[in-house]
Amino acid sequence: LSESLAPVTPPEPDTPPTTVAARLDLMHRAGGLAVPVATGILAFVIGGLVVLATGHNPFLAYRDILNGAGLNWIAHPWDTDTANTAPYNLTQTLLQTTTLILTGLAVAFAFRCGLFNIGGQGQYFMGLFVASWVGTSFVNMTRPAHILLGIVAASLAGAAWAAIAGFLKAAVGAHEVITTIMLNWIAYWIGNYLFQQGGPLQGPANKPLDIPISADIAHSAKLPVFWGDSDLQGLHIGFFVAIAALIVFWALLNRTTLGYEVRAVGYNPTAAAYGGIKVRTNYVRAMAISGAFAGLAGGLDMLGYLFHYGTSDVQASAIGFLGIAVALLGRNTAVGVAIAALLFGALVFGTTHGLQSNVIDPSLAGHLTELIQGLVVLFVGADLLIISIWRAGGRVRRRPAKPAAEAAS
Amino acid sequence: VSTYVGQLDAARFVRPKAIATYGFAFGVLAFLLAIPPVSARSPVWPILLGIIAAFAGVFAASRGAARAGWGAVVVGMLGIALGVLATRSSTGNLDQVFTASLIASMLVFATPLTFAAIGGMFSERSGVVNIGLEGMMLMGAFWGIWGADKTGSWVSGLVIGIISGGLLALVHAFFAIHLRADQIVGGTAVNFLALGITGYFFVQLYHGNNVPTGVSQIPNVNLTSKSNHGFFSEAFGHLNVMIWAAMALVVVSYVVMFKTPLGLRIRACGEHPRAADTVGINVYLLRYFSVVLSGMLAAAGGAYLTVGYLNTYNENVTAGRGFIALAALIFGNWRPFGAFGAALLFGLSTAIAFRLPVYSDSAATLFQALPYVITLIAVAGVIGRSTPPAAVGRPYVKQ
């Protein structure tokens, strides 16, 4: 038994909760909705102060960003014609939300097993590359089969990429943060290689051959669009796949033996091993499932609305990293991830392409998203901040804290 | 006593580990013979030396030094492959890639990594994980060139850049030490923050265009005249001040970390903070000091990149160099000379990647992934295990 525990060091009794899952447990007990809402608001207020300090009106800027995200559609929901600005912007926000739900789940699932999966970006890339390859090959397949093949292959690619980190953790105890960072950058350079001039996937049809982008995927691999124009990035059925993934995530964790084992390892690997759960197997399994979510995100993006990809897209992409903020703000639960993904999806589109504003420039506002993202991650990760908010909410008397939290005061 | 020591020393050279080291050396030599200045044209030499390396590796592996031995086997095989490839390529192409100036450009690319990796060493040796090196480097890069542009002097630019990195590190330190936030989450946040801050102010202050050319630049140290094209002159004659500063930093940080009470205290905080606290060491203060110092050093590396080397700025100019520095730190086993060696290796691979397009664009691109692949292999424990400080990543609670 002790041998199977080799990579896991027992926690010292005199230290505060150190494993990711133990911190997560603290966060779960700390203040329900109050913490994510408060940290979110705090991040937006500080972002607003930066906007104010640089000579723009923060209220008008945020109003324009909300309109840019299409959230003003709620004022007249009977208007679903995407020729109009608000419904169109909303479909674009939901496209981003689709991706963010899945990259968020990729971080959240690993978190529940006590693993911090920073590799969502790399896993997303691998799914996207494989989907691009499947979409441009196998052109004689029927549409449902081609789509299914693309989606499954993308998920498997993401799962395999993440499983490398899980395997290294299980076999030699290599920290998953380090390995996933390295895997992200390897995927980044693989992408640069695939789409560069003369690369295996490069070769745009009907365009000059020296552009470093891939060919468009075959029509048979494109996902059906249910809202908007299929030629103008309409909202594709991948949106429902993402919703289904949320349900799968919840059911897998809370209603299956596999989920029970994953959560048990996340709370306390030593106790889980004592209870007969194979800790190492669960590390690999949890990482693979996480990677499958991120790979699926890449696959849906490629088959749903991107259709082709280039080296400049590889260099600019950060949607996998945004999944970290989504998972942390959503507190690694299905409902939380859905809400946080909508928020960040709105921010991503509302601060860039959707933004029509004379208050704040889109190129400026795009960086506001990065700033708010950083602040959210910073505040959500801070235990004492959370405990103090929790105390302010008066919850401490109803549910006494663990000794670890007491020692913190 | 002296004979006893002498016997011990003699035994050291035939131990399995030592033999594995010879294997490594032969493997490297197999490749070195095939490139300039020697440029052996026959494939016999690399194959012969590579096989000797592999044999030494197998010998060592079968006598207890498994990791080092198999590592030597791998190096031997790589030596054969690369050496034979080099003998197949034209001497013209080889001369273009392997010149004395390759050493100079290796040092150029290694310098930002060295600053950041040494910075990371201080932080992690004191017990605080610093994934935020990339962000701190980016802060130094942007505010450094902004300072040099606004004040007209590279010295103040460098100082402003270093201060900006220190401030961002202070945020990380405050969340990691006082608020006891998860250090990895905090480091991730710091990276996002730096991306947001530098991106936002780059648009606000420079409208997203490039920084005007002709900003005051960190000067080079000219050891030889410009007309001298000898090996020494090409390799070391005109290096930037910051490159020499990086090399000095490695020595100084080694002395500080391993030969002074301050270094001992920092390491104590990283290995066993409770014990350090018991003997009267101020754990919080030392951790703050180390994290802020790491931010300042990483920022100095970033400032070198923009003020010393590129002399301009574009969005996210560091492009993952902070993470390579992190990799160098791990690969170098959290030691100054180890980290410097790894930085040199990664710098060399970047420098070669920049010259490889004479052969193939694909190879040049894939070569850029090499540092990350090597680090992945290193943390997997194939070539010796990397061991981080015992208490790294754990917040400390005073009692």
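This report covers the nonpolar cores, aromatic pairs and charge-over-ring contacts of a predicted model.

Local features need pLDDT of at least 70, and side-chain atom pairs count only at pLDDT 80 or more, while totals for chains, interfaces and linings use all residues. Residues are numbered from 1 along each chain as written, chains are lettered from A, and side-chain values use heavy atoms, without hydrogens or water.

**Cores.** A nonpolar core is a set of buried Ala, Val, Leu, Ile, Met, Phe, Trp, Tyr and Cys residues joined through side-chain atoms within 4.5 Å. Buried means under 20% relative accessible area (1.4 Å probe, protein chains only). The largest core has 201 residues. A:Phe116, A:Ile181, A:Phe293 and A:Phe344 have the most contacts inside it. A second, separate core has 10 residues, including B:Ile35 and B:Ala86.

**Aromatic pairs.** Rings of Phe, Tyr and Trp (its six-membered ring) pair if their centres lie within 6.5 Å; planes under 30 degrees apart are stacked, over 60 edge-to-face, the rest tilted. The whole structure holds 34 such pairs over all chains. One of them is B:Tyr284 with B:Tyr396, edge-to-face at 6.4 Å centre to centre and 90 degrees between the planes. The two residues are 112 residues apart. B:Tyr284 counts as buried because its relative accessibility is 12%. B:Tyr396 is buried too, at 6%.

**Charges over rings.** NZ of Lys or CZ of Arg must be within 6 Å of the ring centre and within 35 degrees of the ring normal.

| Charged residue | Ring | Distance from ring centre |
|---|---|---|
| A:Lys222 | A:Phe307 | 4.4 Å |
| B:Arg335 | B:Phe258 | 4.9 Å |

Note on methods. Buried < 20%, exposed > 50% of the residue type's maximum accessible area, 1.4 Å probe, protein only. Helix = DSSP H or I, 4+ residues; strand = E, 2+ residues; numbered from the N terminus.
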